[in-house]
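Me: I'd like to go through this protein step by step, starting with the overall fold and then moving to details. Could you keep the explanations plain?

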Amino acid sequence: MSKIEQAIADWHVVNTHNEFYSNEKMLVWALKNCQGKFYHRGNRFWFHNEKDATVFALKYADYIGEPKVTFSP
């Protein structure tokens, strides 16, 4: 396990495969709105602050068809 993986092991992860929003748009939103630290790789976002993770997941969730966003502690 890398040092980054160790540091974010207990953070809240949001997996998104959103076809409507680009990763760039989601990253810009996180930079502007998150109160705590976050880490981003591809379609995965890790948030130190649970509120940031929850709001992000709610904002970028796709409720039509199969769920495209998963939220896990």
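This is a predicted model: local features need pLDDT of at least 70, side-chain atom pairs count only at pLDDT 80 or more; totals for chains, interfaces and linings use all residues.

Me: ok, how many helices and strands does the protein chain have?
Reply: The protein chain has 3 helices and 4 strands.

Me: and what share of its residues count as buried?
Reply: Of the 73 residues in the protein chain, 30% count as buried, where buried means under 20% relative accessible area. As for contacts with a separation of 6 or more, 61% of them come from residues 24 or more positions apart.

Me: Let's do the strands. How do β1 and β3 run?
Reply: β1 and β3 run antiparallel and are joined by 4 bridges. Within this pairing, Val-14 has Phe-45 as its bridge partner in β3, and His-12 stands opposite Phe-47 of β3.

Me: how many bridges for β2 and β3?
Reply: β2 and β3 also pair in the antiparallel sense, over 4 bridges, and Arg-41 has Arg-44 as its bridge partner in β3. These two strands form a hairpin with 2 residues between them, in which Gly-42 takes a positive phi near 60 degrees.

Me: back to β1, which way do its residues point?
Reply: His-12, Val-14 and Thr-16 point one way from β1, while Val-13 and Asn-15 point the other way. In a regular strand, side chains alternate between the two faces of the sheet. As for burial, 5 of the 5 residues of β1 are buried, and the strand is mostly covered.

Me: Switching to helix α2, which of its residues are buried?
Reply: The buried residues of α2, which spans residues 23-33, are Met-26, Trp-29 and Ala-30. Seen down the axis of α2, these buried residues fall within an arc of 100 degrees, so they line one face of the helix.

Me: what's on the face turned away from the buried side?
Reply: That face of α2 carries the exposed residues Glu-24, Leu-31 and Lys-32. On the buried side, what covers the residues of α2 includes β1 (12-16), β2, β3 (44-47) and α3 (50-60).

Me: why does Ala-30 count as buried?
Reply: Ala-30, which is found in helix α2, counts as buried because its relative accessibility is 1%, and the cut-off for buried is under 20%. Ala-30 and Phe-56 are 26 residues apart in sequence, yet their C-alpha atoms are 7.6 Å apart in space.

Me: New topic, aromatics. How many aromatic pairs are there?
Reply: Rings of Phe, Tyr and Trp pair if their centres lie within 6.5 Å, and by this rule the count comes to 8 aromatic pairs. In one of them, the rings of Phe-45 and Phe-47 have centres 6.3 Å apart and planes at 15 degrees, so the pair is stacked.

Me: and is Phe-47 with Phe-56 stacked or tilted?
Reply: Phe-47 and Phe-56 form a tilted pair, with 5.1 Å from centre to centre and 45 degrees between the planes. Phe-45 is buried, with a relative accessible area of 0%, Phe-47 counts as buried at 0% relative accessibility, and Phe-56 is buried, also with a relative accessible area of 0%.

Me: which residues do the ring pairs link into a cluster?
Reply: Ring pairs link Trp-29, Phe-38, Phe-45, Phe-47, Phe-56 and Tyr-60 into a cluster. Beside these pairs, there is a lysine over a ring: Lys-59 lies over the face of Tyr-60, at 5.6 Å from the ring centre.

Me: Last one, His-40. Where does it lie, and is it buried or exposed?
Reply: His-40 lies in strand β2, which covers residues 38-41, and His-40 counts as buried because its relative accessibility is 18%, the cut-off being under 20%.

Me: what does His-40 touch?
Reply: Not counting residues up to four places away in sequence, His-40 touches Asn-23, Leu-27 and Phe-45. A polar atom of the His-40 side chain also lies 3.1 Å from the backbone oxygen of Gly-42, and Gly-42 is the residue with the positive phi in the hairpin of β2 and β3.

Key: Residues are numbered from 1 along each chain as its sequence is written. Side-chain values use heavy atoms; hydrogens and water are left out. Rings of Phe, Tyr and Trp (its six-membered ring) pair if their centres lie within 6.5 Å; planes under 30 degrees apart count as stacked, over 60 as edge-to-face and the rest as tilted. Buried means under 20% relative accessible area, exposed over 50%, partly exposed in between (1.4 Å probe, protein chains only). A charge sits over a ring if NZ of Lys or CZ of Arg is within 6 Å of the ring centre and within 35 degrees of the ring normal. A polar contact is a pair of N or O atoms within 3.5 Å; within protein, one must be able to donate a hydrogen and the other to accept it, and residues adjacent in sequence count only if both atoms are side-chain atoms. Contact means heavy atoms within 4.5 Å. The arc is that of the directions from the helix axis to the C-beta atoms. Two strands pair if DSSP finds at least two bridges between them.
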